[in-house]
2 protein chains.
Amino acid sequence: MGLHIGLCAPATAIDHELGASLEAIVKRDYPLLHLNIHPQCYANHGHFAGDDAARRDAFVSMANDPNIDIIWFAKGGYGSCRIAEEAAPLLTNAARQKIYIGYSDIGNMLSMLAKNKIGFPVHGPMPIDLSRVGGEAAVRRVLDWLSGSASIDAVLGRQFNEPLLPINLMTLSMLLGTNIMPDLSGHIVMVEDVGEYHYAIDRLFFHVIGNLKKMKAAGLMIGRFGAIPENDRAFGMDIEQMARYWCDKMDLPFLGHADMGHDVDNKIIPFAVALGDIERLIANKIS
Amino acid sequence: MGLHIGLCAPATAIDHELGASLEAIVKRDYPLLHLNIHPQCYANHGHFAGDDAARRDAFVSMANDPNIDIIWFAKGGYGSCRIAEEAAPLLTNAARQKIYIGYSDIGNMLSMLAKNKIGFPVHGPMPIDLSRVGGEAAVRRVLDWLSGSASIDAVLGRQFNEPLLPINLMTLSMLLGTNIMPDLSGHIVMVEDVGEYHYAIDRLFFHVIGNLKKMKAAGLMIGRFGAIPENDRAFGMDIEQMARYWCDKMDLPFLGHADMGHDVDNKIIPFAVALGDIERLIANKIS
């Protein structure tokens with residue numbers, strides 16, 4: 001009875017204090033949820049949460065474990081692209097019945113899963129959000145959703161007929177042309193970013209929007225772009241103006257703003273899969 | 001008699017003081033060279049040296065001017081990708097007889113020219129280098145080369161049989177899959193960068209090296225990677241280790257180090273064209 005959540009970290013590590021905080025919240029307030037934190041989440045190898053083999057193996061073993069229902073990626077930060085492609089052929093049938101939740105650098109894992117049509121990837125808050133101001137609400141948004149008690153606005157996606165592709169703009173940019181890039185035809189692509197200069201965002205739009213057009217995406221929505229550094233001169237266009245400029249130039253529909261960002265207000269958004277399928281899976285598993 | 005050099009700025013502006021310094025150097029020491037600075041080089045429109053139309057038109061008018069032999073791009077800084085694709089169909093036969101020199105963001109212009117097989121693009125120092133410590137030597141490297149008096153080590157490329165593609169790594173990354181990306185089959189790709197974190201460089205290698213393999217590039221050489229910011233923890237690999245890691249993984253030959261960088265030691269390197277063809281063109285024009 002209940003849902004078993006497994007934590008692993010394909011990019012960078014969390015610390016034990018954060019892991020303990022999450023365990024305490026789940027134990028106290030979510031009787032239907034059971035948490036299993038892979039020790040690899042606490043490993044360190046240079047920049048990464050363990051070397052490539054350790055990160056890949058932790059992910060693969062949890063994804064293939066039939067007693068785990070949800071893979072909750074602990075943290076982004078860079079590193080998933082080093083293990084995603086190699087992990088794909090190692091995944092077994094048990095991996096296909098699972099939900100995978102994360103954002104930021106974890107977009108690489110979600111993309112690899114979507115590309116290979118494995119399981120149900122979801123763009124949503126991660127345990128690391130506990131370390132941000134207001135982040136407990138973000139983490140609870142996921143826990144509430146998994147226990148069937150999420151508020152209606154915790155989830156984005158009910159109003160769309162097209163499949164959605166919510167992703168960090170830089171992560172998407174670096175995925176283009178790689179072996180873990182999913183088919184985006186007919187998808188509404190939602191992008192956000194944090195800490196990039198205006199000119200760098202404009203350059204990313206140049207790269208991404210032309211490629212989205214070639215992939216026959218249905219259109220672009222922009223999420224929040226946070227913590228934009230100040231340059232030595234004003235760029236002269238805001239994010240929406242840049243997005244419209246490039247969508248115009250590349251003849252891709254600009255579809256407005258999406259409620260997603262690299263922040264604690266992040267919503268739960270299905271990633272190239274149907275929301276209804278995910279929610280039915282959760283309802284079946286938890287009962 | 002002599003060579004006519006035209007300056008335009010497809011990205012960001014230079015100031016009048018820098019233009020005057022360059023004019024003084026040429027007038028005093030290079031009797032065979034004649035400088036023509038387009039007033040657009042001094043224009044400002046938000047981030048850019050004039051709006052897109054002004055930058056595109058300045059470039060196109062100079063490229064199509066039969067009395068100009070060399071287009072020397074004044075400065076990079078971001079913006080060329082906004083005008084390169086539109087400029088291509090506006091270029092006439094006069095543009096095919098020209099040499100085009102620049103680096104950094106100007107990689108977009110060089111790529112557009114190479115993609116459309118127009119003229120002779122060259123990766124080399126730009127007038128803006130005058131504003132850097134030691135930059136006059138960089139600028140004189142170009143002026144010496146154009147007047148036929150360059151030192152033997154000012155030019156890189158004589159020792160290679162394959163065509164070369166020397167470019168800023170971020171610029172190349174953003175070009176992938178766009179309409180101004182040249183054919184790289186059989187090319188040795190040389191990359192440099194400045195001001196990027198180790199993890200960002202590793203991420204760029206992920207994106208670029210896999211795509212280079214698909215484009216059947218001959219291999220990768222690394223130039224200098226300058227001003228790498230310090231992160232909150234050590235990455236654990238240096239640039240060569242990262243390049244080797246991704247070349248290994250993607251099965252692209254790693255061909256060692258190239259003497260190029262985002263700095264005043266930059267050499268003159270042919271961009272997807274044969275050095276001999278360029279130097280014959282200069283010799284013909286100047287005599």
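How many bridges join strand E7 (residues 188-194) of chain A to strand E8 (residues 219-226) of chain A? Six bridges join E7 and E8 of chain A, and the two strands run parallel.

This is a predicted model, in which local features need pLDDT of at least 70 and side-chain atom pairs count only at pLDDT 80 or more, while totals for chains, interfaces and linings use all residues. Residues are numbered from 1 along each chain as its sequence is written, chains are lettered from A and ligands numbered from 1 in the order in which they are written, and side-chain values use heavy atoms, with hydrogens and water left out.

**The sheet in chain A**

E7 and E8 belong to an open sheet of four strands in chain A, ordered E6-E7-E8-E9. The pairing is parallel. Two strands pair if DSSP finds at least two bridges between them. Helices (H or I, at least four residues) and strands (E, at least two) are DSSP runs, numbered from the N terminus. Strand E6 (164-168) and strand E9 (254-257) of chain A are the edges; each has a single partner strand, so one side of each is left without a neighbour in the sheet. From one strand to the next, the twist averages 20 degrees. A:Ile188 has A:Gly219 of E8(A) as its bridge partner. Helix H8 (residues 239-250) of chain A packs on this sheet and touches E8 and E9 of chain A. Contact here means heavy atoms within 4.5 Å.

**The sheet in chain B**

Chain B has an open sheet of six strands, in the order E2-E1-E3-E4-E5-E10, with mixed pairing. Strand E2 (33-37) and strand E10 (269-270) of chain B are the edge strands, each pairing on one side only. Four bridges link strand E4 (residues 99-102) and strand E5 (residues 120-123) of chain B, which run parallel. B:Gly102 has B:His123 of E5(B) as its bridge partner. Helix H4 (residues 107-115) of chain B packs on the sheet and touches strand E3 (70-73), E4 and E5 of chain B. Helix H5 (residues 135-146) of chain B lies across strand E1 (3-8), E2, E3, E4 and E5 of chain B.

Axes are lines fitted to C-alpha atoms, for helices over the stretch in contact, and angles run from 0 to 180 degrees between N-to-C directions.

| H8 of chain A | E8(A) | about 155 degrees |

**Where the chains meet**

The contact takes 36 residues from chain A and 36 residues from chain B. About 3,300 Å² is buried between the chains, and carbon and sulfur atoms give 55% of that area. Buried area is the accessible area (1.4 Å probe) that two parts lose on being put together, summed over both.

Four salt bridges are counted between chain B and chain A. A salt bridge is a side-chain nitrogen of Lys or Arg within 4 Å of a carboxyl oxygen of Asp or Glu. A:Lys249 forms a salt bridge with B:Glu86, with the closest N and O atoms 2.9 Å apart.

**Salt bridges overall**

Over all chains, the whole structure has 36 salt bridges. One of them joins A:Asp52 and A:Arg55, at 3.1 Å from N to O. Both residues, A:Asp52 and A:Arg55, lie in helix H2 (residues 52-63) of chain A, three residues apart, about one turn of the helix.
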